[in-house]
Amino acid sequence: MIPSKLDPIQRLLMTPLKHLPAWKSLEQHYKAMRAFDMRTAFRKNPQRFEALSLRCGDLLLDYSKNRITSETMTQLMQLARESGLEDTRDAMCRGERINFTEQRAVLHTALRAPVRPPLIVEGVEIEHEVATVLKRMQRFVESVHNGSWLGYTGKPIRNVVNIGIGGSDLGPAMVCVALDHYAVESIRVHFVSNLDPAHLASTLATLDPETTLFIVASKTFTTLETLANANSAKAWLLAALRAPAAVARHFVALSTNAQAVEAFGINPTNMFIFWDWVGGRDSLWSAIGLSIALQIGWGNFQALLAGAHAMDLHFKEAPLEANMPVILGMLGIWYSNFWGTDTYGIFPYDQRLRLLVPFLQQLDMESNGKNVSRANRLVNYNTGPIVWGAPGTNGQHAFFELVHQGTRLIPTDFLMAAVNHTPLADQHEWLLANCLAQTEALLKGKSRAVIEAELIAQGMSSKAAKALAPHKVFPGNRPSNTLLYQKLDPHTLGMLLALYEHKVFVQGVIWQINSFDQWGVELGKQLAPPIRAALSSVRAIGEHDGSTLGLITDIRRRRGLST
């Protein structure tokens, strides 16, 4: 049952997306835009950059290199209004249960908001609860940093191992790598997520049990991968320290299951809670961010939250036409649903953001990889794109051939810092030049005639030049956005991450899907236990399809088990 307060929104979404007047208008507009050439648009309008760029705090978004006109943007914003974007955004911020399949609010914005004014949801002062947990986190982080928290043998903590998976790993790991230049000197943070024992074993190989702290991140404290790694880590610790009491000095939990946490050996006073309205992919701002705070210090963690809050305010208050997450989101709609693109490339020209793409893959594809609308209809249009990419300049030498000369149209985002924290000679200038050159090359391209003339000027015969030139043509007129910031600091990173969170939200609203559940991961989890039993006991093989049964049988043979 949808809560009554959401009935107006739900009624609005009962109109299929393709039946909205703005959608039909955009279909006609697309037909007129198929021949649109950005190069001509820039020549005709010297002010195109000023008209199609936007600043929010330290961030500059240049979206002028897109197949759009002012009319395109007007119609996209009308689609946003007809889709109820503003109402749904406001409902989310009020704490309405917009995650209707799980009957949950979606309040990650409250995790980084000041306590004033109070947000009361169903009688609970949300921001007071958040502030209470943050205060406990601060005390713990400071006790580790100042040496008052000691391991079982009296030695200070020098290494922290975060054990989690999905949102309990991708977000914190990405931030810790991105802000490694802010790391506290006395602490190093490591991340273990994969059920493959090689991940945990290689991480522990160089660590000292006496100075290692484990963070077990699992809301229910039942996640298979996380608990398997946590139990193996506990066995490693106890093999060295030989005292069950040592667990309480070397393990803390990020969870809500106090009984399971205590049964594991963790003191419940060292359990940091978060709430069911915190989705995994939006959880790094919560207690899940404890590893971040331990690495970069409490002040820098607060700056990260403040940056995200600044973007939250912009998203809530800026008109749609000047709203950075809305513009990014609606441009994605334009390409996915009218130009028929399937993928979305993200290229940070910032090595510190090398884990940003894996993080955004979960944020985007787990949120909007859905095929059923809020009205319980199978959708008949593209939803979440395939998100991919890599840091520049590595990507240039790996897959930019496809971006520039391939048959697919690939919308792209480029991210770059004007200032590098670790300048070496003129390398950062070359990095910036490469980034700008790629966006310019995507826009301008290079014609066959120009290439033929260049080859002939280099001494090639006319016949040879005509034969080679087609292989060197760059079609150009390919879209990109550029996000420019001063330097990668905690506040700026917070803004960037919140920007992408809200962009994904915008698209989910337009597509009329629930961006906040993830039922698609459940079936594999349900099928794994009987397969696990079949791998070790022939009596438990059970019923499987022919392929799975054949693979189980071969695995058993390879492991020396009877079949």
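Reader: What makes E5 and E6 paired strands?

Author: In this predicted model, strand E5 (residues 159-163) and strand E6 (residues 188-192) run parallel and are joined by 5 bridges. Two strands pair if DSSP finds at least two bridges between them, so E5 and E6 count as paired. Asn162, for instance, has Phe191 in E6 as its bridge partner. Helices (H or I, at least four residues) and strands (E, at least two) are DSSP runs, numbered from the N terminus. Residues are numbered from 1 along each chain as its sequence is written, and local features need pLDDT of at least 70, side-chain atom pairs 80 or more, while totals for chains, interfaces and linings use all residues. Side-chain values use heavy atoms, without hydrogens and water.

Reader: Which residues of helix H9 are called buried, and why are they said to line one face?

Author: In H9 (residues 197-204), Leu200, Thr203 and Leu204 are buried, that is, under 20% relative accessible area with a 1.4 Å probe, protein chains only. Seen down the axis of H9, the buried residues fall within an arc of 90°, so they line one face; the arc is that of the directions from the helix axis to the C-beta atoms. Their cover includes E5, E6, strand E7 (212-217) and helix H10 (224-241).

Reader: Why are E1 and E11 called edge strands?

Author: The open sheet has 6 strands in the order E1-E2-E13-E12-E10-E11, with mixed pairing. Strands E1 (53-56) and E11 (386-389) each have a single partner strand, so one side of each is left without a neighbour in the sheet.

Technical notes. Buried < 20%, exposed > 50% of the residue type's maximum accessible area, 1.4 Å probe, protein only. Contact = heavy atoms within 4.5 Å.
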